[in-house]
Amino acid sequence: MLVYHLPGTFETREAHLDLLWQAGATGLEERTGVIRAYFDEETELAADIRDGEWRREADQDWLAEFKANLRPVQAGRVTIVPPWLRAEVPAKQTALVIEPGMAFGTGHHATTRMAVEALSGLDLTAQTVLDVGTGSGVLAIAAALLGAPYVLGVDIDPITIPIAQENAELNGVPTGRAVFLEGTLGDDLPGDVVPDGVYDVLVANLYAELHDLLAGEYVSHLRPDGPLVLTGILTGKLPLVLEALDREGFTAVQVREDGEWALVTARASA
C-alpha cells in the first residue's frame, strides 16, 4: 500500500485536501499531526503539497480505521454523526447524519461546528434560510432540522449538489424544504418560495476574501435585522471581514474564535 505522509491536520491544511483528491488519492486520514493520503501509485503532486513523504506500507483497511476513529460532534442542539454512529446521538439532541466524502462536512472542522452552533442558537421556525457555499449541505440541513420551513443551499462546485441532496434525503428532510442548486449570490435564485430573493437568515462558510467580495450581496439577500452567520475565516484575515461588514452597515457584530478559525455573526441594518 502506498501512503503519502503530509505534515499537518485537516484543519491546518484544509485548503490542500482537494489537491490530494485531485492527484488521485483514494482516501485521507489524519493521525497525530500527519495527513495520510492513500494512493494506488506514486504521482506528481502540486507544489503546495510536496513537503510530504511517500511510504510503502503493509496493506490495511484504512476505511475501517477511519470509521473506528470518527466520533459524534455535538454542536448546540445538533449532534453530527456518520450513519454508523446514529444510535449514539443523545435522546434530546437532533441527529444530523452526514456520510463523509470529498465534500467533507462531518462537523469535526471548527468552522462547520461553530456555524451549526450559531444556527442552533436561533429560532428558525417560520424562517427562510440561504446557505452560501453549501458543500455537503450540512448547514442547510441543520437549519431545516432546526425548524426552518425552507432552505436554499447554493455552491459554485456542481459536484457538491448531488451530495448535499443525498444527505438531505438521508436525514429525512421533506422534498422542497431544502433545495440545492449550482450558483452563488448575484445569480438568479428561484423565486417560487422567496419571490424577492430576500431571506430571513443567511449563513456562509467561505473564506475571508469571498466574504469581503460578497458583503454587498449579503445585504441584498437578507431582510432588515436578519441574522448573518459567516464562517471559514482564518483569524489573521478577520479584520478584512469586519471592515466589509462595517462598510455595508451591519450591526451587532460578534466574533467567536476557535484556534486559528473565527465565526462572525451580525445583523443586517434595519
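This is a predicted model: local features need pLDDT of at least 70, side-chain atom pairs count only at pLDDT 80 or more; totals for chains, interfaces and linings use all residues.
**View 1**
Once residues up to four places away in sequence are set aside, Phe-250 touches Ala-215, Tyr-218, Val-219, Leu-222, Leu-228, Leu-245, Ala-266, Arg-267 and Ala-268. Pro-90, by contrast, stands 160 residues apart from Phe-250 along the chain, and the C-alpha atoms of the two are separated by 37 Å.

**View 1. Packing of helix α6 (residues 208–220) with helix α7 (residues 238–247).**
Two packed helices are described by the angle between their axes and the distance between the axes. Here the axes of α6 and α7 come within 9 Å and cross at roughly 10 degrees, which makes α6 roughly parallel to α7. On the α6 side the contact is made by Ala-208, Glu-209, His-211, Asp-212 and Ala-215, and on the α7 side by Leu-240, Val-241, Ala-244 and Arg-247.

**View 2. An open antiparallel sheet of four strands, in the order β2-β3-β1-β4.**
The edges of this sheet are held by β2 (27–31) and β4 (53–56), each of which has a single partner strand, so one side of each is left without a neighbour in the sheet. Direction ignored, neighbouring strands are turned by 30 degrees against each other on average. Strand β2 is joined by five bridges to strand β3 (residues 34–39), and the two run antiparallel; within this pairing, Glu-29 stands opposite Arg-36 in β3.

**View 3. An open sheet of seven strands with mixed pairing, in the order β10-β9-β8-β11-β12-β14-β13.**
The edge strands of this sheet are β10 and β13, each of which pairs on one side only. Neighbouring strands here are turned by 15 degrees against each other on average, again with direction ignored. Strand β8 (residues 128–132) pairs with β11 in the parallel sense over four bridges, and the bridge partner of Val-132 in β11 is Ala-204. Helix α3 packs on the sheet, where α3 touches β11, β12 (227–234), β13 and β14, and the direction of α3 makes about 25 degrees with that of β14.

**View 4. The largest nonpolar core, with 36 residues.**
In soluble globular proteins, nonpolar side chains tend to be buried together. Within the largest core of this model, Ile-80, Leu-96, Leu-124, Val-129 and Phe-180 touch the most other members. At least two core residues are supplied by each of β5 (73–75), β6 (78–81), α3 (110–120), α4 (138–145), α5 (160–170), β10 (178–182), β11 (201–205) and β14 (261–267). The largest share, seven residues, comes from α4. For Leu-124, leaving aside neighbours within four places in sequence, the residues in contact are Leu-119, Val-129, Ala-143, Leu-146, Gly-147, Ala-148, Pro-149 and Val-201. Apart from this core lies another, of 27 residues, among them Leu-152, Val-194, Ala-204 and Leu-230.

Key. Residues are numbered from 1 along each chain as its sequence is written. Side-chain values use heavy atoms; hydrogens and water are left out. Two strands pair if DSSP finds at least two bridges between them. Axes are lines fitted to C-alpha atoms, for helices over the stretch in contact, and angles run from 0 to 180 degrees between N-to-C directions. Angles under 35 degrees count as roughly parallel, over 145 as roughly antiparallel, 65 to 115 as roughly perpendicular and the rest as oblique. Contact means heavy atoms within 4.5 Å. A nonpolar core is a set of buried Ala, Val, Leu, Ile, Met, Phe, Trp, Tyr and Cys residues joined through side-chain atoms within 4.5 Å. Buried means under 20% relative accessible area, exposed over 50%, partly exposed in between (1.4 Å probe, protein chains only).
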